[in-house]
Amino acid sequence: MQAIIQDTFGGPEVLRLAEVPRPAPLPTEILVRVHAAGVNPVDWKTRQGSGMAEVLGDPPFVLGWDVSGVVEETGFGVTLFQPGDEVFGMPWFPRQAGAYAEYVTAPSRHFARKPRSTSHEATAATPLAALTASQALIDTAHIGAGHRVLIHAAAGGVGHLAVQLARHAGAHVIGTARSEKHDWLRDLGADELIDYTTTNFETAVRDVDVVLDLLGDAVDRTSTRSLQTLRPGGLLVAVPSGVAPELIARAREEGIRATGILVEPDGAALTQLATLIDEGNLHVEVERTYPLAEAAEAHLHGEQGRTRGKLVLTVP
């Protein structure tokens, strides 16, 4: 089969299309013919040697975790799916899934049935971003009606889904994004928006129950500055690199909480998210698609940090 592999860490130019052996499903696994694969920041970070590189080890390897496709074959013991079923998932994360390829194999319960109302491209953009938002806001922060939630990078892949999930939970949603994206985010359910290029968010927002920080302290000390926005007992959830022990200690001294989070595969949660999509309560924005062979161009686009929603690779 064809796949995008890299033989060394480096820039987008290390990604190349190659022929690799097609995997076969073990017991409890399914073989999925990939129709589309989502592109996420963790992909290019790992390509560079950070991200999940420590988990994957040295190249060569195949990047990618977001998958939408069709079941080609089932291993012994699988009862959830059969050949021909359309599925989507975020298999194996943070271990190698190899989604930038024509086929992937993984445990069947890492997948769910594809939403009926969306294309494979939109579906492939969903798993990692939507699970991150859901596990951070719902499973970890337990947001609900009346909570005030601040979402940094609200227009990004995780952010625009987090806005919608928080709104669906009944929260008052505040987002940071460039002003040209504010109208779109209001349509998705944001109540307040702050242009971080012209306004210091920590002076504009107070008494927040939960901050979902999708930038981290590496970007303008966003996590540290976010502590000023939280009410006593509030919670900071930082995604990109977690929270430093010093920041956790400082938060504790100020009577608030801080934690990192790393998304986990969850087929049952994906089934719930698929229902939200089919009911019209969750929209996944795809800014652009690229053929599999143009994975390097997709990485170049994504690394500019201005994407509205997600980027996706299509597999012929």
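At what angle do the axes of helix α4 and helix α10 cross? The structure here is a predicted model, so local features need pLDDT of at least 70 and side-chain atom pairs count only at pLDDT 80 or more, while totals for chains, interfaces and linings use all residues. Residues are numbered from 1 along each chain as its sequence is written, and side-chain values use heavy atoms, with hydrogens and water left out.

Back to the two helices: α4 (residues 127-140) and α10 (residues 267-278) cross at roughly 95 degrees, and their axes come within 10 Å. (Helices are DSSP runs of H or I with at least four residues, strands are runs of E with at least two, and both are numbered from the N terminus; axes are lines fitted to C-alpha atoms, for helices over the stretch in contact, with angles from 0 to 180 degrees between N-to-C directions.) That makes α4 roughly perpendicular to α10, a label for angles of 65 to 115 degrees. Touching here (heavy atoms within 4.5 Å) are P127, A130 and L131 of α4 and A269, L270 and L273 of α10.

Now for the strands. Six of them, in the order β11-β10-β9-β12-β13-β14, make up an open sheet with parallel pairing, where two strands pair if DSSP finds at least two bridges between them. At the edges sit β11 (192-194) and β14 (257-260), each pairing on one side only. From one strand to the next, the twist averages 15 degrees. Strand β13 (residues 230-238) runs parallel to β14 and is joined to β14 by 4 bridges, and L236 stands opposite A258 in β14.

Note on methods:
Parallel < 35°, antiparallel > 145°, perpendicular 65-115°, else oblique.
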